[in-house]
Amino acid sequence: MGIERDSSKAIGEGTPFMPAFISIDYITHHYKGQSKPTLEAVEATIEAGQTVALIGRSGCGKSTLLHMLAGLLQPSEGCVRINGRQITRPSPKWNMMFQKPSLYPWMSVRENTALGLLFQGQKQLIAERVDPLLETVGLRELADTNVQRLSGGQQQRVALARSLATQPELLLLDEPFSALDAFTRTALQDQVTGIVKDKGLTMVMVTHDIEEAVAMADRVLIMSANPGRIENEMSVDLTYPRNRSAPEFVALREQLMKHFGETVELPQRNSKTEPRIKAA
Ligand SMILES: Nc1ncnc2c1ncn2[C@@H]1O[C@H](COP(=O)(O)OP(=O)(O)O)[C@@H](O)[C@H]1O
Ligand SMILES: [Mg+2]
């Protein structure tokens, strides 16, 4: 499956492309009807072009935080800034992919891929962008096929191509591969990271899958629950695509697994001190 090599031209034309630099400024969030805050004093910065995994147990507030990065939810206190500007609403510049690809079932692969551009009133860009992206995600051959005839993994690829068509600065993924079989999931994890790195995008993904986090992220932010906080982090200083049976990969995965087995023993993360877990 071809990954577009010379992406500088594709991304540069029109407005200058700037991958998102994200600053999460002391976010606390209290949902109505909940006795405790869901998120408390969440603080982090994410460099432009970095891929970050938010990992934590179910219910710890990962999706809540991701929705804030997407501008879909406003925190009770604190804010998210992207390239210095406070995020108050969604934008096609930061694109969210969910577990369900949410495609239009009566349309073809090509038509679904073009939807983001169509909704943005950029119909004139469809011809130049859509087919090259379908090539990138390995679906060029299926461009005229109705999406209902595709497998789950192929449908996720359509959703990815649709997200990339509007040339976002930031890709946000909320457990997008968790409904797929293990083979498809592994292939897509490597492929999505390859495309994101190739295009220089910033990516933040939510997962509760330890291997997925180590396979895809430069940096893993570890969340605790009740209230949700970033309690620790781990850097993954391995080249892409990652060899999952390499000793360094296995060691990092085991460190993370051990962490989740021993959460109670860990101290609170202090951003002023070194993270406790760090890649060698
Ligand atoms: N719209 C909502 N209203 C009230 N509580 C919510 C809402 N959405 C999520 N929550 C609660 O916030 C907590 C965190 O949810 P969520 O961010 O979805 O966690 P995660 O993605 O880590 O599984 C959960 O206890 C959940 O029940
Ligand atoms: Mg969630």
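Colleague: Which atom of ligand 1 is 2.9 Å from the side chain of serine 63?

Modeller: An oxygen atom of ligand 1 is 2.9 Å from an N or O atom in the serine 63 side chain, and please keep in mind that this is a predicted model. The protein covers 59% of the 560 Å² of accessible area that ligand 1 has on its own.

Colleague: What lies 2.9 Å from a nitrogen atom of ligand 1?

Modeller: That is a polar side-chain atom of glutamine 34. Cysteine 60 takes part with its backbone, where an N or O atom lies 3.2 Å from an oxygen atom of ligand 1.

Colleague: Which residues surround ligand 1?

Modeller: Ligand 1 is surrounded by Tyr31, Gln34, Thr38, Arg57, Ser58, Gly59, Cys60, Gly61, Lys62, Ser63 and Thr64. By type, the residues of this shell divide into two nonpolar, seven polar and two charged.

Colleague: Changing topic, how many salt bridges does the count come to?

Modeller: The count comes to twelve. As background, side chains of opposite charge can pair when their charged atoms come close. One of the salt bridges joins the side chains of arginine 229 and glutamate 40, with N and O 2.7 Å apart.

Colleague: Why does that pair tie together separate parts of the chain?

Modeller: Because arginine 229 lies in strand β10 (residues 229-235) while glutamate 40 lies in strand β2 (residues 39-46), the pair ties together parts that are 189 residues apart in sequence. Arginine 229 is partly exposed, with a relative accessible area of 28%, and glutamate 40 is also partly exposed, with 26%.

Colleague: What does arginine 244 form a salt bridge with?

Modeller: Its partner is glutamate 211, and the closest N and O atoms are 3.1 Å apart. This pair links distant parts of the chain, with arginine 244 in the loop between β10 and α8 (247-261) and glutamate 211 in helix α7 (residues 210-216), 33 residues apart.

Colleague: Is arginine 244 buried or exposed?

Modeller: Arginine 244 counts as buried because its relative accessibility is 15%, and buried means under 20%. Glutamate 211, at 25% relative accessibility, counts as partly exposed.

Colleague: Which residue does arginine 219 meet in a salt bridge?

Modeller: The side chain of arginine 219 meets that of glutamate 233, at 3.0 Å from N to O. Arginine 219 lies in strand β9 (residues 219-224) and glutamate 233 in strand β10, so this pair ties together parts 14 residues apart in sequence. Arginine 219 and glutamate 233 are both buried. Elsewhere, salt bridges that share partners join Arg110, Asp131, Arg140 and Asp144 into one network.

Colleague: Last topic, the surface: which residues form a nonpolar patch there?

Modeller: The patch is formed by Tyr104, Trp106, Leu118 and Phe119, which together have about 490 Å² of accessible area.

Colleague: And where is tryptophan 106 placed?

Modeller: Tryptophan 106 is in the loop between β6 (94-97) and α3 (109-119). With a relative accessibility of 60%, tryptophan 106 counts as exposed, because exposed means over 50%.

Notes. Residues numbered from 1 in each chain as written. Chains lettered and ligands numbered in written order. Predicted model: local features only at pLDDT ≥ 70, side-chain atom pairs only at ≥ 80, totals over all residues. Heavy atoms only, no water. Near = heavy atom within 4 Å. Polar contact = N/O pair within 3.5 Å; in protein donor to acceptor, adjacent residues only side chain to side chain. Areas by Shrake-Rupley, 256 points an atom, 1.4 Å probe, with all protein chains shown as cover. Nonpolar A, V, L, I, M, F, W, Y, C, P; charged D, E, K, R; others polar. Salt bridge = Lys/Arg side-chain N within 4 Å of Asp/Glu carboxyl O. Helix = DSSP H or I, 4+ residues; strand = E, 2+ residues; numbered from the N terminus. Buried < 20%, exposed > 50% of the residue type's maximum accessible area, 1.4 Å probe, protein only. Patch = residues over 30% accessible without salt bridge, like charges linked within 9 Å, V, L, I, M, F, W, Y side chains within 5 Å.
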